[in-house]
Amino acid sequence: MLVELHVANFVLIDELHLALGPGLNVLTGETGAGKSIVVAAVELLLGGRARSDVVRTGASETQVEARFDLSQLPEVRDRVAGLGLGDAAAEELVVRRAFAAGGNSRCWVNGRIASVTMLADVGTGLADISSQHE
């Protein structure tokens, strides 16, 4: 379960810190409020591809970071451990991505450098994202 999300210099977002509680959490707002941008940030943390325009105009780098509760996700804990990115008994996962305005990208899982492929492997089972047309 996604517990906390921090986004900085991402598209139109200067800085966002979102803490989510147990149970159903809903992002609502009028058209153009930025809900899709928040979802896009989460998709990047799950191993999604970034476009070159994700860095906010005037910023040198975008940072997207999230904390997940893995207490109910033993298969994700095992996958993280199998990739050498953490302990199979750990009930928390921290994922971070950074994108430079020049196009360079970096990923970390539990503070360890990871590839996007590893991030996508870890991201499987962390979240299901559905759009209105699915």
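1. Basis of the note. The model is predicted: local features need pLDDT of at least 70, side-chain atom pairs count only at pLDDT 80 or more, and totals for chains, interfaces and linings use all residues. Residues are numbered from 1 along each chain as its sequence is written, and side-chain values use heavy atoms, with hydrogens and water left out.

2. The largest nonpolar core. This core has 33 residues, and Leu5, Phe10, Phe68, Leu93 and Leu126 touch the most other members. (A nonpolar core is a set of buried Ala, Val, Leu, Ile, Met, Phe, Trp, Tyr and Cys residues joined through side-chain atoms within 4.5 Å; buried means under 20% relative accessible area, exposed over 50% and partly exposed in between, with a 1.4 Å probe and protein chains only.) Two or more residues each come from strand 1 (2-10), helix 1 (35-45), strand 3 (61-69), helix 2 (74-82), strand 4 (92-100), strand 5 (105-109) and helix 3 (116-123). Helix 1 supplies the largest share, 6 residues. (Helices, H or I of at least four residues, and strands, E of at least two, are DSSP runs numbered from the N terminus.)

3. Leu93. Not counting residues up to four places away in sequence, Leu93 touches Ala66, Arg67, Phe68, Leu70, Val80, Val109, Asn110, Val122 and Leu126. (Contact means heavy atoms within 4.5 Å.)

4. Helix 2. The buried residues of this helix are Val76, Arg77 and Val80. They lie on the same side of helix 2, because they cover an arc of only 100 degrees around the axis. (The arc is that of the directions from the helix axis to the C-beta atoms.) Strand 4 and helix 3 are among the elements that cover these buried residues. Gly84, which follows helix 2, has a positive phi near 75 degrees.

5. Thr62. This residue belongs to strand 3 and is buried, with a relative accessible area of 0%. A polar atom of the Thr62 side chain lies 3.2 Å from the backbone oxygen of Val54. Leaving aside neighbours within four places in sequence, the contacts of Thr62 are Ala8, Asn9, Phe10, Val54, Val55, Arg56, Arg97, Ala98 and Phe99.

6. The second largest pocket. The space in this pocket is about 200 Å³. (On a 1 Å grid over the protein atoms alone, a pocket is an open set of points with protein on both sides within 12 Å along at least five of seven lines, where a 1.4 Å probe fits; lining residues have an atom within 4 Å of a point. A volume is the space filled by probe spheres set on the points, which are joined across faces, edges and corners.) Its lining includes Phe10, Val11, Arg49, Ala50, Arg51 and Val54. Helix 1 gives the most to the lining, with 5 residues.

7. Most residues other than glycine have a negative phi. Asn9, in strand 1, has a positive phi of about 55 degrees and is partly exposed at 22% relative accessibility. Asn110, in the loop between strand 5 and strand 6 (112-114), has a positive phi near 55 degrees and is partly exposed, with a relative accessible area of 27%.

8. Gly125. This residue is in the segment after helix 3 and is partly exposed, with a relative accessible area of 45%. Not counting residues up to four places away in sequence, Gly125 touches Leu73 and Val76. The C-alpha atoms of Gly125 and Glu30 are separated by 29 Å, the two residues being 95 residues apart along the chain.

Technical notes. Polar contact = N/O pair within 3.5 Å; in protein donor to acceptor, adjacent residues only side chain to side chain.
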